[in-house]
Amino acid sequence: MTQHLAAPTGHSTPGTHTGWWRDAVIYQVYPRSFADANGDGMGDLEGVRSRLPYLRDLGVDAVWLSPFYASPQADAGYDVADYRAIDPMFGTLLDADAMIRDAHDLGLRIIVDLVPNHTSDQYEWFKRAINDGPSSPLRDRYHFRAGKGENGELPPNDWESIFGGPAWTRTADGSWYLHLFAPEQPDLNWENPAVADEFRSILRFWLDMGVDGFRIDVAHGLVKAEGLPDIGGAEQLKLLGNDVMPFFDQDGVHEIYRSWRKILDEYPGERIAVAEAWTPTVERTANYVRPDELHQAFNFQYLGTPWDADRLREVIDVSLAAMRPVGAPATWVLSNHDVTRHATRFANPPGGTQIRTAGDRELGLRRARAATLLMLALPGSAYVYQGEELGLPDVTDLPDEVRQDPSFFRAAGQDGFRDGCRVPIPWTTTGSSYGFGSGGSWLPQPDSWSGLSVQAQSGDPASTLELYRSAIALRRELPGLGAGESVDWLPGMPAGVLAFARPGFVCTVNTTGRAVRIAAPGRAVLASTEVTPADGEVVLPEDTTVWWAV
Ligand code: NOJ
């Protein structure tokens, strides 16, 4: 295989659109569940490659893929055993090369997932650290400690794993090692220079392969507070929590990102990095995207905001204000592989990001469509999680025996319902796994997904898929829709209605459950529910967003 520094062609060709990432729509592919080319029931890179034209037609700028590296899959690939190899389940390095090249030929950029907080327990370093015994110098690349108690039988501190249970596991020789996630995901010690060297080399490996960027997993977790202090009485962290903790959002992480930025900047074509950083505030998130650090950070505060006009307006204002001083674009995201899909969150009363009940599906979809048009009208970069363009709900009734999320098992079924958003997506109305592949699918799809398939929705102007296609195309056409650093809120709206102006454009959002009459701000160009303005007025149906050209 030849290495290359290919630059994408097409609309996002570097040079013709510098700062491509500032207003990019980035589509998340969860490789297990996107498309299965070899018929083993599990998605793969060849499957992704075969569906790239679909993503080009959807109009997105870039594709972020969750991990596809060699991994025992204790946490669906977020436990990496070899950062420079593809898991055979997903294909080969040649497949990755072909996928990157094809994407570039189609004008799509490729962002890969980097997992630097922890390795797999099957990573060479960790295996040797265990096998070579307590004196192994490789133990310093992780957090090995003696236990507390008379015979060291108690964990070294009181931290709990985000997946449930203690954050420490005892080895056969009696020492303990730290894992913020599953025991199969030992945390790396970023104070050890070999760790930093290794990750700089891994970055270069993938940059040389031609990727356009990285999504940094647990970007806020790499550095732990000196001495690994007890939390004491503080409430333990959940996967998506955001309290101040001695293992998260420590100031030392920023030095790492400054060194990575230098590497990214050495490569042509504006290679980027986006932080998965769960920080207590958006202001803390902004620290990750200072001019000499990463380019973007996920806006989880936005993701967690309920369908409520005041709360939405507040989070939008706070997000834009936090990013302005550092000059980074705000980002917007509604769904990903770790949270209940927004069509299901909005179908239920507000209740965080992990929802277990199907709720009122019709209401959820209606709000999800409106929420998407709001998101795509905001300045900055937007993330779309595979299947949301089909309006997919979470599968809330998966039988326990098919579940694979490690947190489900570690938390004794109290937690860990992430499988519900990871069910393979339907491409066709009939056939094995609705066109996902020829050999079934690793999680069962509901029968109702035939009607939600790409085939069923393509060409139907009322479908959610066509709404996404139109919105993304318009976002590109309406000058400056994704650019800028602020929105102008329009005064005088009824309670529960948001209206804001952007250059040549107004977006109105009715978050209430009743129709509301307002003066038509312009010519309606797109709406999440049909609207018919007349005589300079319009009745905004309940839970509806409308885009207006002015
Ligand atoms: C965040 C990832 O998105 C999630 O899926 C994973 O379980 C944890 N990080 C641990 O890597």
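In this predicted model, the side chains of Asp75 and Arg418 meet in a salt bridge, with 3.3 Å from N to O, where a salt bridge is a side-chain nitrogen of Lys or Arg within 4 Å of a carboxyl oxygen of Asp or Glu. The pair links distant parts of the chain, 343 residues apart: Asp75 sits in the loop between strand E3 (69-70) and strand E4 (82-86), and Arg418 in the loop between helix H12 (406-410) and helix H13 (454-457). Helices (H or I, at least four residues) and strands (E, at least two) are DSSP runs, numbered from the N terminus. Asp75 is buried at a relative accessible area of 5%, and Arg418 is buried too, at 4%; buried means under 20% relative accessible area, exposed over 50%, and partly exposed in between, with a 1.4 Å probe and protein chains only.

Residues are numbered from 1 along each chain as its sequence is written. Because the model is predicted, local features need pLDDT of at least 70 and side-chain atom pairs count only at pLDDT 80 or more, while totals for chains, interfaces and linings use all residues, and side-chain values use heavy atoms, with hydrogens and water left out.

Side chains of opposite charge can pair when their charged atoms come close. The structure holds 30 salt bridges, and Asp75 and Arg418 belong to a network of them that also links Asp338, Asp405 and Arg422. Elsewhere, Glu198 forms a salt bridge with Arg84, the closest N and O atoms being 3.2 Å apart. Glu198 lies in helix H5 (residues 193-208) and Arg84 in strand E4, so this pair ties together parts that are 114 residues apart in sequence. Glu198 counts as buried at 15% relative accessibility, whereas Arg84 is partly exposed at 25%. Another salt bridge joins the side chains of Arg290 and Glu293, at 3.0 Å from N to O; Arg290 is partly exposed, with a relative accessible area of 27%, and Glu293 is buried, with 0%.

Asp75 leads on to the ligand. Of the 13 residues around the ligand, Asp75, Arg215, Asp217, His337 and Asp338 come nearest, a residue being near a molecule or strand if one of its heavy atoms lies within 4 Å of it. The residues of this shell divide into 4 nonpolar, 2 polar and 7 charged, where Ala, Val, Leu, Ile, Met, Phe, Trp, Tyr, Cys and Pro count as nonpolar, Asp, Glu, Lys and Arg as charged, and the others, Gly among them, as polar. A polar side-chain atom of Asp75 lies 2.6 Å from an oxygen atom of the ligand, and for His118 the corresponding value is 3.0 Å. An N or O atom in the side chain of His337 is 2.8 Å from an oxygen atom of the ligand. The protein covers 100% of the 290 Å² of accessible area that the ligand has on its own, areas that come from the Shrake-Rupley method with a 1.4 Å probe.

The strands come next. An open sheet of 8 strands has the order E11-E10-E9-E5-E2-E1-E13-E12, with parallel pairing; two strands pair if DSSP finds at least two bridges between them. Its edge strands are E11 (296-297) and E12 (331-333), each of which pairs on one side only. Within this sheet, strand E1 (residues 25-29) runs parallel to E2 and is joined to it by 4 bridges, with Ile26 opposite Ala62 in E2. E2 also pairs in the parallel sense with strand E5 (residues 109-114), again over 4 bridges, and there the bridge partner of Leu65 is Val112. E1 is likewise joined by 4 bridges to strand E13 (residues 381-385), which runs parallel to it, and Gln28 stands opposite Tyr385 in E13.

In a regular strand the side chains alternate between the two faces of the sheet. In strand E2 (residues 62-65), Ala62 and Trp64 point one way, Val63 and Leu65 the other way, and all are buried. Strand E19 (residues 537-540), by contrast, has a covered face, Val538 and Leu540, and an uncovered one, Glu537 and Val539. E19 pairs in the antiparallel sense with strand E17 (residues 516-519) over 4 bridges, where Ala519 stands opposite Glu537.

Terms used. A polar contact is a pair of N or O atoms within 3.5 Å; within protein, one must be able to donate a hydrogen and the other to accept it, and residues adjacent in sequence count only if both atoms are side-chain atoms.
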